[in-house]
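Please find below a briefing on one protein structure, intended for reading beside its sequence and coordinates.

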Amino acid sequence: MAHCDGRGQVLLQRLLATTGDPATGGGGESPLRYVTTIPGRASTAVQWPCWVPDRLRESLAAAGVAAPWAHQVAVAELARAGRHVVVATGTASGKSLAYQLPVLAHLLADQQATALYLAPTKALGADQIRAVTTLDLPGVRPASFDGDTAMAQRDWVRSHARWVFTNPDMLHHGLLARHDRWARLLRRLRFVVIDECHAYRGVFGSHVALLLRRLRRVAARYGAHPVFLLASATVADPEVSASRLTGLDTVAVTDDGSPCGERTIALWEPPLLDELTGENGAPVRRSAGAEAARLLADLVIEGARTLVFVRSRRGAELTALAAQRALSAAAAGELAARVAAYRAGYLPEERRALETALDSGELLGVASTNALELGVDITGLDAVVLAGYPGTRASFWQQAGRAGRAGSGALVVFVARDDPLDTYLVHHSAALLGAAVETTVLDPTNPYVLRPQLACAAAELPLTDACVDSLGGDVARSVVADLVAEGMLRRRSGGWFWTAARQRPHPGVDIRGSGGHPVAVVEADTGRLLGTVDPGSACTAVHPGAVYLHRGDSFVVDELDLDSGVALVHPEEPPWHTSARVTTDICVVSTLDQRRCGGVSVTLGDVEVTSQVVGYLRRLPSGQVLDAVPLELPPSTLRTRAVWFTVSEAVLENAGLPPAAWPGALHAAEHAAIGLLPLVATCDRWDIGGVSTARHADTGEPTVFVHDGHPGGAGFADRGHAALTPWLAATRAAIAACECPAGCPSCVQSPKCGNGNDPLDKSGAIVVLDAVLTSLRASPGRELDSPDLSVEQNVGAVEFTPSGDGGWARAGVRGGGAESG
């Protein structure tokens with residue numbers, strides 16, 4: 001075992017001392033629910049391969065790399081042999097060098113060869129090009145090609161760069177759309193690097209999978225057949241996932257030869273606030289953001305370089321601001337200037353300055369969204385604080401892995417939100433720390449994804465029968481037939497041709513599924529652009545009256561113009577923050593799979609969901625609700641995939657549940673089921689939504705729906721349907737384990753419920769779920785329990801905790817809808 005300096009344990013003891021832990025002489029209940037230490041690991045270094053050029057070895061040695069680790073050489077050897085390869089080793093295990101070695105060696109040996117690098121975030125791409133540029137290798141000419149690249153610089157990149165660092169968006173809009181202008185790069189393309197490949201999931205992952213097939217197709221047109229190198233620290237079944245993403249047979253390297261420092265992991269639950277109550281008198285805990293801000297301030301005072309991950313952009317701003325205020329109040333004002341927020345939506349120059357200050361150590365504490373989750377080489381971090389569960393175990397380990405990246409001991413603190421899933425996880429550590437990361441879910445045959453991708457592919461090069469088969473088989477052929485019928489494609493002897501040669505389809509395709517162009521946030525008096533918001537989040541994030549934070553400054557939204565894509569704001573610092581309330585209606589379009597078990601049915605199918613922001617709450621930082629403000633914003637309609645179950649009225653009555661209790665019982669079960677789905681599917685609670693009703697028009701029975709939040713579905717409802725029994729068993733256990741008497745945010749309440757979490761019947765939800773589970777387990781038919789999702793195995797008794805979204809529907813109860821933010 002590697003030497004451990006106990007740094008994480010020391011920091012944890014300091015935090016407990018300032019919290020008032022009885023074990024350290026303080027008073028009150030300790031917030032620490034579980035702690036474990038993951039031992040360090042010694043490295044396995046090997047000799048440089050003989051094919052590595054002297055100049056490259058010398059440059060790496062000057063950068064501090066004396067010798068490679070075993071897995072780095074294994075990846076490089078496979079790539080040099082022409083094998084497509086994925087490296088799936090731990091965070092901070094030197095995966096970058098694993099793909100840099102073969103690429104740089106080849107670029108130095110063949111002065112005409114080129115390479116392409118794809119990153120899911122700008123921060124990661126900027127970090128990687130800095131690393132390659134620092135090596136100062138002659139003739140390699142690395143260059144960035146992203147949305148921040150100036151137009152004049154783009155011409156140079158096309159003409160001269162040999163290793164282009166970009167992202168899927170620019171590959172789609174800037175390279176493939178005008179591939180003739182990139183002929184030099186494509187003709188000599190030898191390697192394609194796909195970093196943090198686990199990020200490509202759901203709708204985005206499905207788009208990227210087809211995008212990579214389009215890239216291979218266009219490269220082949222120029223005579224190139226590049227080797228694909230993929231990297232990820234947190235991907236289940238890496239060989240299968242990488243092959244599904246690229247469409248190529250891929251070999252995995254998983255034996256980690258890098259050193260790793262000791263890592264102390266603490267599960268932390270903020271205290272209940274006795275003096276406050278939430279909606280309908282429910283108990284309230286101190287918010288995860290407020291607790292994380294306090295921990296950040298304490299860690300900065302201890303001199304610990306700390307990164308706090310917060311779920312939202314606004315949360316990152318609030319956490320940094322609260323930490324700065326706490327430091328000033330603690331007579332540590334000089335340290336307040338060394339704390340900042342980092343998030344998407346900042347202007348490019350702001351992001352670059354923050355990245356530089358963080359890397360240099362000028363910043364001691366940073367509150368960030370997941371914009372800094374992926375791969376950015378931030379060395380020497382002493383602590384990472386997660387303010388809320390990031391949605392998947394893969395993201396949890398990715399964020400936790402930012403701590404101790406230099407090989408030293410470090411602390412990771414997971415702070416639970418007042419939310420069902422978070423609450424359960426801090427009380428049942430095995431569900432979080434003892435379970436494997438989730439399987440990556442993507443579906444390239446989703447017609448809503450295939451249609452625009454096939455249109456773009458045809459505009460790039462005529463589609464042949466072989467192309468259509470490789471891009472989606474029978475489903476793709478059906479989509480092509482529709483495009484022909486609509487006059488967008490024309491069949492000729494050479495294949496299917498795009499008919500509007502002067503109007504390419506690429507600009508109208510949103511590969512990230514955010515719904516279109518970003519909404520600009522503009523200060524009304526000055527015209528200053530503050531940032532941008534995804535269109536799918538605009539109605540919830542920048543609705544009239546919303547509080548919007550930017551770099552610690554507070555603004556209030558005056559007007560949201562969705563047609564123009566502009567939100568106008570004015571500076572104001574109200575003492576509250578805002579949260580939108582969403583209502584949802586749903587109707588069944590088609591049924592894909594249905595099973596009847598006595599008085600219970602379980603169905604997977606396509607639905608049409610209509611959602612609308614109907615108002616917002618104003619809350620104080622303590623969590624106290626001041627009031628609810630109504631809004632009139634336009635509804636949005638989504639056709640997507642859903643899983644739903646019905647329970648006959650006779651079953652409910654026989655279970656002792658009177659009809660008057662059905663709406664609240666179903667509503668509570670829906671909230672909890674939404675919150676637990678991330679345990680069996682690679683999704684975030686904002687990727688899904690739900691609806692419940694005591695009698696749905698399309699089923700004729702009491703019904704609970706859980707639906708994907710993306711057009712055509714993203715595979716999440718399918719995953720829930722495949723693992724229905726463990727999913728609902730975990731949901732039932734989570735509700736039963738909560739100590740509150742009648743429902744709270746830690747079990748069945750939702751922060752976005754369109755009907756103010758009323759009615760909710762906690763005990764009735766348990767009755768409903770018991771009835772469903774009893775029927776499923778008694779049925780002689782197949783068990784709806786995916787074989788690779790052994791929830792019971794990971795936790796013993798099936799005990800998890802939810803975090804739902806929901807509200808009233810016209811016929812009963814409607815869920816809170818789904819968001820991309």
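Predicted model: local features only at pLDDT ≥ 70, side-chain atom pairs only at ≥ 80, totals over all residues.

Residues are numbered from 1 along each chain as its sequence is written, and side-chain values use heavy atoms, with hydrogens and water left out.

**Overall make-up**

- The protein contains 26 helices and 30 strands; helices (H or I, at least four residues) and strands (E, at least two) are DSSP runs, numbered from the N terminus.
- Of its 821 residues, 59% count as buried, where buried means under 20% relative accessible area, exposed over 50%, and partly exposed in between (1.4 Å probe, protein chains only).
- Contact means heavy atoms within 4.5 Å; among contacts between residues at least 6 apart in sequence, 75% join residues at least 24 apart.
- The accessible surface of the protein is about 29500 Å², and 51% of that surface belongs to carbon and sulfur atoms. Accessible areas come from the Shrake-Rupley method with a 1.4 Å probe, and for residues only the protein chains shown count as cover.

**The seven-stranded sheet**

- Seven strands in the order S4-S5-S3-S6-S7-S2-S8 make up an open sheet with parallel pairing. Strand S4 (142–144) and strand S8 (250–253) stand at the edges with a single partner strand each, so one side of each has no neighbour in the sheet.
- From one strand to the next, the twist averages 20°; axes are lines fitted to C-alpha atoms, for helices over the stretch in contact, and angles run from 0 to 180 degrees between N-to-C directions.
- Two strands pair if DSSP finds at least two bridges between them. Strand S2 (residues 84–87) and strand S7 (residues 227–231) are paired in the parallel sense by three bridges, and valine 87 has alanine 231 in S7 as its bridge partner.
- Helix H7 (residues 168–176) lies across strand S3 (114–118) and strand S5 (163–166), and runs at about 125° to S3.

- Strand S21 (residues 547–550) runs antiparallel to strand S22 (residues 553–561), to which four bridges join it. Valine 547 has valine 556 in S22 as its bridge partner.
- S22 also pairs with strand S23 (residues 566–571), in the antiparallel sense and over six bridges. Here valine 557 stands opposite valine 569 in S23.
- Four residues lie between S22 and S23 in the hairpin that these strands form, and glycine 565 in the turn has a positive phi of about 70°.

**Helix H15**

- Eight of the eight residues of helix H15 (residues 393–400) are buried, so the helix is largely enclosed by the rest of the structure. Among them are Phe396 and Trp397, together with Arg393.
- The cover over the buried residues of H15 includes strand S1 (32–38), strand S9 (263–268), strand S12 (306–310), strand S15 (383–387), strand S16 (410–415) and helix H17 (429–433).

**Serine 590**

- Serine 590 belongs to strand S24 (residues 577–597) and is partly exposed, at a relative accessible area of 26%.
- Not counting residues up to four places away in sequence, serine 590 touches Gly605, Asp606 and Trp644.
- A distance of 9.6 Å separates the C-alpha atoms of serine 590 and arginine 641, which are 51 residues apart along the chain.

**Salt bridges**

- The structure holds 28 salt bridges, each being a side-chain nitrogen of Lys or Arg within 4 Å of a carboxyl oxygen of Asp or Glu.
- Arginine 41 and aspartate 256 form one of these through their side chains (3.1 Å, N to O). Arginine 41 lies in the loop between S1 and helix H2 (54–62) and aspartate 256 in the loop between S8 and S9, so the pair ties together parts that are 215 residues apart in sequence.
- Arginine 57 forms a salt bridge with aspartate 54, with the closest N and O atoms 2.3 Å apart. These two residues are three apart in helix H2 and are thus separated by about one helical turn.
- Glutamate 523 forms a salt bridge with arginine 528, the closest N and O atoms lying 3.2 Å apart. Glutamate 523 counts as buried at 9% relative accessibility, whereas arginine 528 is partly exposed at 41%.
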